[in-house]
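User: I would like to learn how to read the features of a structure like this one, taking them step by step. Could you walk me through it?

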Amino acid sequence: MRGPTQPPGHRLLPLKLNPGSGPGPLESGPENGALNHPVTACCFSSPRLQGVTVLELSGLAPVPHCGMVLADFGADVTVLEKIKVQGGDIVEQRLNRGKKSVDVDLKSAEGVKRVREMCKSADVLLDPYRPGILEKLGLDPLTLMEDNPGLIVCRLTGFGQHGPLSQEAGHDINYTAMSGIMPTVAGTRKQPPWPPANLLSDFAGGGLTAAFGVVAALFQRTTNGGKGVVLDVSMTEGLAYLSTFITMYKNIDYLWTVPFAAFGSECPIYRCYETKINLSLQDGKYMSVGCLEPKFTMNMLEGVN
């Protein structure tokens, strides 16, 4: 598979992942097994977004994840990197698979002008900033859309562009709490509640929801005369939407609240158990058990004698 071409002044970010950085292709070429990876095979072998140009303003976690998803499905994604300052990056950015990168100084008039010019021919702009920052920079989405009526501006924040919390800072744990599902996800045995790392709001309610919104907007352009749109993606609301099953079935107590409820973390046929090398020696590992249906429950009971 050939990667995207490298225009003058751009650099192609490597597809290699650092050891231990999680599942994903190690190289871009099929000879190294990337196309055989169960997560990425469908993306790289079927680039449905080929021809779509995406500009990604550099940020943390959710927007880079959104850009990576779009790149995995064939979009031409260019990260507009901030000018590096020594000691400025707390965490190394590793969600740049398949993207290109160009340095832009958004604090200079020249840098802002350069971004505006790039937006004139782009399909999508990914905005990682709090509400109002683009406007202060001189990159008001409505102005950008005057130059390029087909531009889709995806604005991804914790609480959305409007409302009393829109200007508040936060992290995944805060947005997950505000979505209302933290206690359910943590389970009845986990007090105080704790979310699974930063997966729920940053990546499920945020990055993946934003990517879906972008694809929906791209499809809408085919039916509305090619008009773009400003997408207001709230991680809190995205996660609340993702949790529709939980909210719709919350009144069924045997699923959530009674002792040994199916999804309450204490159900003996839907939980994790510590494993042993033999009857007396634990190996420090765990095994998941999920056999809610009676026939599978019987199979499990027979298996453990």
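User: Which residue in S9 is the bridge partner of Cys272?

Analyst: Please keep in mind that this is a predicted model. Strand pairing is read from its bridges, and here the bridge partner of Cys272 is Ser288 in S9. Strand S8 (residues 270-276) and strand S9 (residues 282-290) run antiparallel and are joined by six bridges, and the two form a hairpin with five residues between them.

User: How many helices and strands does the protein chain have?

Analyst: The secondary structure of the protein chain comes to twelve helices and nine strands. Of the contacts with a separation of 6 or more, 60% are between residues 24 or more positions apart. Buried residues make up 40% of the 305 residues, while the chain exposes about 17800 Å², of which carbon and sulfur atoms supply 59%.

User: Is Glu56 buried or exposed?

Analyst: Burial is judged from relative accessibility, with buried meaning under 20%. Glu56, which is found in strand S2 (residues 53-57), counts as buried because its relative accessibility is 1%. Leaving aside residues up to four places away in sequence, Glu56 touches Val63, Pro64, Gly67, Val77, Thr78, Val79, Leu80, Lys99 and Leu126.

User: How should I read helix packing, and at what angle do the axes of H6 and H8 cross?

Analyst: Two packed helices are described by the angle between their axes and by the distance between those axes. For helix H6 (residues 172-179) and helix H8 (residues 200-221), the axes come within 8 Å and cross at roughly 65°. Since angles of 65 to 115 degrees count as roughly perpendicular, H6 is therefore roughly perpendicular to H8. In this contact, Asp172, Tyr175 and Thr176 of H6 meet Leu200, Ser201 and Asp202 of H8, and the residues divide into two nonpolar, two polar and two charged.

User: Which residues make the contact between H8 and H9?

Analyst: I would take the geometry before the residues. The axes of H8 and helix H9 (residues 235-242) come within 8 Å and cross at roughly 90°, so H8 is roughly perpendicular to H9. On the side of H8, the contact is made by Leu200, Ser201, Asp202, Ala204, Gly205, Gly206 and Thr209, and on the side of H9 by Met235, Gly238, Leu239 and Leu242. These residues divide into five nonpolar, five polar and one charged.

Conventions:
Residues are numbered from 1 along each chain as its sequence is written. This is a predicted model: local features need pLDDT of at least 70, side-chain atom pairs count only at pLDDT 80 or more; totals for chains, interfaces and linings use all residues. Side-chain values use heavy atoms; hydrogens and water are left out. Axes are lines fitted to C-alpha atoms, for helices over the stretch in contact, and angles run from 0 to 180 degrees between N-to-C directions. Helices (H or I, at least four residues) and strands (E, at least two) are DSSP runs, numbered from the N terminus. Angles under 35 degrees count as roughly parallel, over 145 as roughly antiparallel, 65 to 115 as roughly perpendicular and the rest as oblique. Contact means heavy atoms within 4.5 Å. Ala, Val, Leu, Ile, Met, Phe, Trp, Tyr, Cys and Pro count as nonpolar, Asp, Glu, Lys and Arg as charged, and the others, Gly among them, as polar. Buried means under 20% relative accessible area, exposed over 50%, partly exposed in between (1.4 Å probe, protein chains only). Accessible areas come from the Shrake-Rupley method with a 1.4 Å probe; for residues, only the protein chains shown count as cover. Two strands pair if DSSP finds at least two bridges between them.
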